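Subject: Handover of a structure and its findings

Dear colleague,

I am passing a protein structure to you with this message. Please find the sequence and the coordinates below, followed by my notes.

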Amino acid sequence: MNPLIEVEKLVRSFGDHKAVDEMTFHVKQGEVFGLLGPNGAGKTTTVRLLNGILPPSAGSARVFGFDPITQGESIRRKTGVLTETPALYERLTARENLQFFGTLQEISENDLNSCVDDMLDFFELSSRGNDKVETYSKGMKQRLALARALIHKPPLLFLDEPTSGLDPEAAQQVNDLIASLRQTDGQTVVLATHNLLEAQRLCDRVAIINNGRILAMGSLDELSRKLWPVKWVDIKFYTLPTKNITAGLKINRGVIQAAIKDDALSVQVESDEVIPAVIRYLVEQGESILKVNPRDYTLEDIYFTLQAGEV
């Protein structure tokens, strides 16, 4: 199956500044793909390029097989875009907003009211559907903006900082809704964000970018293995371990180093596959193991390592 989005050496310059600098990536159908980077990294510009809002300075892109330069309108019919600001008409009601944007998306008059009702219900706004948007909280406005982006049931959704400025409870609600989109409708999502926890929870793969360039790309596991090909495992004992246990461990194949501190043993191994052999050896030596904790790297660990240029 061909990728839904194909980007090859895409460039967008503003004067001497390259906002997007030879980006190459693809997005598969049904995945949540993250564009992860600080403010000014090029995330929003990339979203605009892919929707045909801005022309590229060089390179190419395909979305649904369409060229954004010449077929941007065809792409926008099949995408929904949530910008960093909700972009709603504050003096209209939620229902009126959705009816207006649904009309722009050429939803038939016969289907429009039921589509609006479905969106209000899905985003838990039915009870406030006839209230003006200016009376809404930030979280409610963001949910309504998501409803606006989804009113025509697009197979591809672009979300640009969807939880920006929201309190933790409202941000959690929006993230829950995003997570449910793929489960309910199988939609493909491109998530542009600098929120690391949000990206780790929602994304199948991420492209970590800065100054318009992709620093690394892949799933959390793939990026961890690229940056740290060896792994540490921390083992805690019920009673103090034997002092010479580390010397015996180092004889085991795949064990790089081992050290005891207090009642815990830290072992560096070549891969996860070595860990069961380490545990088996310790048990055979009569050690009383209480807890085994392989160290997992978070997206935050990966992000800051890459942004600091430590690899």
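The notes below go through the nonpolar cores, the helices, the sheets and the cysteines in turn. Please bear in mind that this is a predicted model.

Nonpolar cores

The largest nonpolar core holds 48 residues, and the members that touch the most others are Leu-98, Phe-123, Leu-144, Leu-157, Leu-159 and Ile-208. Helix H5 (residues 138–150) supplies the largest share of this core, with seven residues. Leu-144 is in contact with Leu-88, Ala-94, Leu-98, Leu-125, Val-133 and Tyr-136, residues up to four places away in sequence being left out. Another core, of 24 residues, lies apart from the largest one, and its members include Leu-4, Val-20, Leu-50 and Ala-192. As a general remark, nonpolar side chains in soluble globular proteins tend to be buried together.

Which residues of helix H3 are buried? In this helix (residues 94–104), they are Ala-94, Asn-97, Leu-98, Phe-101 and Gly-102. These residues lie on the same side of H3, because they cover an arc of only 125 degrees around the axis. Helix H4 (109–122) and H5 are among the elements that cover the buried residues of H3. Just after H3 comes Glu-106, which takes a positive phi of about 65 degrees.

The three-stranded sheet

An open sheet is built from three strands in the order S2-S1-S4, and their pairing is antiparallel. Strand S2 (17–27) and strand S4 (58–63) stand at the edges; each has a single partner strand, so one side of each is left without a neighbour in the sheet. From one strand to the next, the twist averages 25 degrees. Strand S1 (residues 5–14) and S4 run antiparallel and are joined by five bridges. Within S4, Ala-61 stands opposite Val-7. Helix H1 (residues 43–50) lies across S1, S2 and S4, and runs at about 65 degrees to S2.

Strand S10 and its partners

Strand S10 (residues 231–237) is largely enclosed by the rest of the structure, because five of its seven residues are buried. S10 runs antiparallel to strand S12 (residues 264–269), with six bridges joining them. Here Ile-235 has Leu-265 in S12 as its bridge partner. S10 also pairs with strand S13 (residues 289–294), in the antiparallel sense and over five bridges. For Asp-234, the bridge partner in S13 is Asn-293.

Ser-219

Ser-219 is found in the loop between strand S9 (213–218) and helix H8 (220–227). Is this residue, Ser-219, buried or exposed? With a relative accessible area of 18%, Ser-219 is buried, because the cut-off for that class is under 20%. Once its neighbours within four places in sequence are set aside, Ser-219 is in contact with Asp-204 and Arg-205.

Cysteines

How many disulfides are counted? The count comes to zero. Cys-115 counts as buried, at 12% relative accessibility. Cys-203 is likewise buried, its relative accessible area being 14%.

With kind regards

Terms used: Residues are numbered from 1 along each chain as its sequence is written. This is a predicted model: local features need pLDDT of at least 70, side-chain atom pairs count only at pLDDT 80 or more; totals for chains, interfaces and linings use all residues. Side-chain values use heavy atoms; hydrogens and water are left out. A nonpolar core is a set of buried Ala, Val, Leu, Ile, Met, Phe, Trp, Tyr and Cys residues joined through side-chain atoms within 4.5 Å. Buried means under 20% relative accessible area, exposed over 50%, partly exposed in between (1.4 Å probe, protein chains only). Helices (H or I, at least four residues) and strands (E, at least two) are DSSP runs, numbered from the N terminus. Contact means heavy atoms within 4.5 Å. The arc is that of the directions from the helix axis to the C-beta atoms. Two strands pair if DSSP finds at least two bridges between them. Axes are lines fitted to C-alpha atoms, for helices over the stretch in contact, and angles run from 0 to 180 degrees between N-to-C directions. A disulfide is a pair of cysteine sulfur atoms within 2.5 Å.
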